[in-house]
Amino acid sequence: MIKRAALLLLLSIGSAQADPLPTLTRDGLKALTLAKDSIAFRSVAGVHNQTINVAELYRKALVDGGFPADAITITRLNDTAYMVFRWAGQENTLKPLVISGHMDVVAADPSDWTRDPFTPVVENGYLYGRGASDMKMSNALAITTLLHLHHQGYKPKRDIILALSGDEETAMKTGQILANQFPNAEEVLNLDVGGGTLDEETGRPLFYSWSGAEKTYADIGLMVADPGGHSSEPRERNAISVLAQALVKIQTHPFRPELNALTRSYFLNAARFTSPRLASAMRIFAASPDNVQAVATLRADPSLVGAIGTTCVVTMIKGGHALNALPQHADANINCRIFPGHSRGDIIHELSAIIDDPSVHIEDHSQGSVETQPSPMNGPLPSAVTRAAHEAFPNVPVFPSMSSGASDSMWFREKGIPAYGASPIFMKASDDFSHGLNERVPLSAITPGMHFLLSLIPALSQN
Ligand SMILES: [Zn+2]
């Protein structure tokens with residue numbers, strides 16, 4: 001999952017109290033049960049990966065609800081699996097709507113958690129468990145919504161494809177395979193990204209933000225080699241010191257501040273929901289991205305620095321081979337999140353210029369990532385998302401954003417298919433523990449989430 005709208009971290013963090021236990025409809029209870037049952041499967045990459053069991057669980061729910069078994073395919077790939085459910089539309093000349101999600105979760109060490117991460121627990125108005133918010137509740141809401149629509153006799157005009165990947169949190173190969181299967185998709189609704197934010201104090205909806213672009217992920221290796229020698233005879237050049245100097249240059253390099261239509265709209269809208277100091281910097285930056293003071297203020301904020309340009313940071317180092325030897329090797333991994341519009345090659349070129357030392361060898365080590373352009377701001381999906389968010393919470397402000405992390409949307413955007421992150425979940429920033437400890441989702445997210453999807457899926461499949 002992509003982190004929720006960057007602004008989340010700026011809002012005051014209230015008590016960990018959820019809203020009072022909501023009354024759930026039969027569909028709401030069905031979604032809760034499906035979410036719980038899926039959390040109980042440890043769909044983590046590696047040995048004993050149970051992603052295929054999650055897929056089988058979803059298939060059973062769809063078939064029990066009246067969809068034909070042959071509309072669902074589950075395909076194994078290494079230790080994981082991916083799933084496609086096709087709800088055939090009435091008009092086969094129309095391109096399909098793809099609803100994208102993932103069944104795998106980030107690893108969780110039970111000894112670190114208060115409750116077992118793979119035993120779903122409902123407590124204090126929350127569903128706890130690894131994958132609760134990222135993104136098994138969203139999958140459950142989507143499947144329950146499709147079943148509800150089917151039960152109501154709804155007939156989509158275009159095919160609805162539910163495409164669930166099985167390694168979004170790791171290798172991201174199955175997302176690519178799924179995108180290759182639907183190169184003619186009309187558009188992609190990715191339920192893993194974006195979402196609604198509730199006020200920390202009152203629990204009322206503050207805003208809903210959908211994502212229309214994401215930054216390009218890159219791992220860039222720096223390698224320094226040296227003949228080494230006896231540590232009692234130091235010389236001017238030392239591989240670790242050479243690497244260290246390169247790292248300091250990268251750390252202090254200001255990548256160019258940038259703005260696009262999505263981030264401009266984000267800053268102008270999100271400024272209403274943050275502190276006066278940040279709001280002022282956001283508004284100034286949206287008008288003139290060269291303003292030094294505004295850039296400095298935004299750059300100092302970890303939740304906003306990624307929205308104003310490319311970032312590169314050292315994430316791993318390795319060097320030396322003996323306590324008493326001059327190092328023969330020193331290597332580092334630089335993790336970059338590249339602003340749309342630049343290639344990985346551009347950034348490697350820029351790093352090479354910053355380091356300005358030909359003895360530091362630079363290599364692109366990126367795997368499973370592609371460069372993509374933002375999806376159109378004014379397509380049919382953004383306006384349908386606005387109506388759907390208003391179906392969940394009338395008049396809630398809705399605006400776009402750009403994700404700093406990578407998602408399965410990139411595989412579709414790469415093919416020129418508009419893809420949008422629009423999660424059905426509304427929650428408080430302080431409740432978002434995706435990828436972290438004691439992940440949870442408030443039960444109060446279930447009913448608005450269903451209203452959201454009951455509006456959105458028909459809107460996107462009717463014409
Ligand atoms: Zn996710």
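**Helix pair α1 and α2**

I started with helix α1 (residues 26–39) and helix α2 (residues 51–64), whose axes come within 9 Å and cross at roughly 155°. Helices here are DSSP runs of H or I of at least four residues, strands are E runs of at least two, and both are numbered from the N terminus. Axes are lines fitted to C-alpha atoms, for helices over the stretch in contact, and angles run from 0 to 180 degrees between N-to-C directions. The angle makes α1 roughly antiparallel to α2 (over 145 degrees counts as such). α1 and α2 cross in the right-handed sense (the near helix is turned clockwise from the far one by less than a right angle).

I then listed the contact, meaning heavy atoms within 4.5 Å. L34, D37 and S38 of α1 meet V54, L57, Y58 and A61 of α2. I sorted these residues into five nonpolar, one polar and one charged. Nonpolar covers Ala, Val, Leu, Ile, Met, Phe, Trp, Tyr, Cys and Pro; charged covers Asp, Glu, Lys and Arg; the others, Gly among them, are polar.

The model is predicted: local features need pLDDT of at least 70, side-chain atom pairs count only at pLDDT 80 or more, and totals for chains, interfaces and linings use all residues. Residues are numbered from 1 along each chain as its sequence is written, and side-chain values use heavy atoms, with hydrogens and water left out.

**Helix pair α10 and α12**

Next I checked α10 (residues 380–392) against α12 (residues 446–461): the angle is about 150° and the axes are 8 Å apart. This crossing is right-handed. The contact of α10 with α12 holds 12 nonpolar, two polar and two charged residues.

Which strands stand at the edges? I found an open antiparallel sheet of four strands, ordered β12-β14-β10-β15. β12 (311–319) and β15 (360–364) are the edge strands, each with a single partner, so one side of each has no neighbour in the sheet. Strands pair if DSSP finds at least two bridges between them. β10 (residues 216–225) and β14 (residues 329–338) pair over 10 bridges. I220 stands opposite I334 in β14. Helix α5 (residues 239–251) packs on the sheet and touches β10, β12, β14 and β15.

**Aromatic pairs**

My search of the whole structure gave 14 aromatic pairs. Y208 and F426 have ring centres 5.5 Å apart and planes at 50°, so the pair is tilted. Rings of Phe, Tyr and Trp (its six-membered ring) pair if their centres lie within 6.5 Å; planes under 30 degrees apart are stacked, over 60 edge-to-face, and the rest tilted.

Notes: Parallel < 35°, antiparallel > 145°, perpendicular 65-115°, else oblique.
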